Amino acid sequence: MGIFQVVATGVLSAVLAITIKKQSPEIALIITIAASVLIFLMVLPMIAEVVGVLSNVGAMLDGGMRYVALAFRVIGVAYMSELGASVCADAGETAIAAKIDLGGRVIIMVLALPIVVDIVSIVIGLMP
C-alpha cells in the first residue's frame with residue numbers, strides 16, 4: 001500500500017462527500033467517517049511494522065520499553081483526537097472539535113509528566 005492509494009482514496013471520498021452533501025449531509029458524513037476508517041486500515045500494516053521496530057529498539061535500551069510504551073500512548077492519543085476533531089469539524093461542529101483537540105493535548109501533557117520528572121531528576125543529579 002502506497003501513498004498514491006491513500007491519496008486517491010481520500011480525494012475520491014472527498015469529491016463524493018462534497019457531491020452528496022447538498023442532497024444528504026448525513027450520508028456525506030458517513031462517507032467521510034468510512035473513508036477515514038478505510039485509510040486507517042490501509043496504513044495499519046505500516047503502523048504495525050513501526051511498532052515492531054520501536055519495540056525491538058526499546059528492548060535493547062535499559063528501561064527503554066517504558067519510554068517506547070509511553071510514546072505509543074502519546075501517538076495514539078494524538079491520532080485519535082485528530083481523527084475525532086476532524087470528523088466533528090467535517091460535521092460542522094467546530095466547537096466540539098476544538099474541545100476534542102484540547103482534551104487530547106491535556107491527556108498528552110499528563111502522559112508526558114513521567115518524562116519531565118525523569119529529566120528533572122537527571123538534571124538535579126548532575127548538579128554539584
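This is a predicted model: local features need pLDDT of at least 70, side-chain atom pairs count only at pLDDT 80 or more; totals for chains, interfaces and linings use all residues.
Visitor: What about the overall form? Which radius of gyration does the protein have?

Guide: The protein has 20 Å, while a compact globule of 128 residues would have a radius of gyration near 14 Å. You can look at the box too: along the principal axes, the C-alpha atoms fill roughly 70 × 35 × 15 Å.

Visitor: What is the chain built from, helices or strands?

Guide: Count the elements, then read their order. There are 4 helices and 0 strands, so to speak an α-α-α-α run from the N terminus on.

Visitor: Let's take α1. How far does α1 reach?

Guide: Helix α1 covers residues 3–21, which is 19 residues. From its first C-alpha to its last, α1 reaches 26 Å, close to the 27 Å expected at 1.5 Å a residue.

Visitor: Which residues of α1 are buried?

Guide: Val6, Thr9, Ser13 and Ala17 are the buried ones. They sit on the same side of α1, because they cover an arc of only 65° around the axis. On the other side, Ile3, Phe4, Leu12 and Ile18 are exposed.

Visitor: What do the buried residues of α1 pack against?

Guide: Their partner is α2, residues 25–60.

Visitor: Now for charges. Which side chains meet in a salt bridge?

Guide: Here's the general idea: side chains of opposite charge can pair when their charged atoms come close. In this structure the count comes to 1 salt bridge. The side chains of arginine 66 and aspartate 118 meet there, at 3.0 Å from N to O. Arginine 66 lies in helix α3 (residues 64–90) and aspartate 118 in helix α4, so the pair ties together parts that are 52 residues apart in sequence.

Visitor: Is aspartate 118 buried or exposed?

Guide: Aspartate 118 is buried, with a relative accessible area of 18%. Arginine 66 is partly exposed, at 47%.

Visitor: What does aspartate 118 touch, leaving out residues up to four places away in sequence?

Guide: With those left out, aspartate 118 touches Arg66 and Tyr67. As for its own place, that is in helix α4, residues 94–126.

Visitor: What share of contacts join residues at least 24 apart?

Guide: Among contacts between residues at least 6 apart in sequence, 47% join residues at least 24 apart.

Technical notes. Residues are numbered from 1 along each chain as its sequence is written. Side-chain values use heavy atoms; hydrogens and water are left out. Helices (H or I, at least four residues) and strands (E, at least two) are DSSP runs, numbered from the N terminus. The expected span of a helix is 1.5 Å times one less than its number of residues. Buried means under 20% relative accessible area, exposed over 50%, partly exposed in between (1.4 Å probe, protein chains only). The arc is that of the directions from the helix axis to the C-beta atoms. Contact means heavy atoms within 4.5 Å. The radius of gyration is taken over C-alpha atoms; the globule rule is 2.2 Å times the number of residues to the power 0.38. A salt bridge is a side-chain nitrogen of Lys or Arg within 4 Å of a carboxyl oxygen of Asp or Glu.
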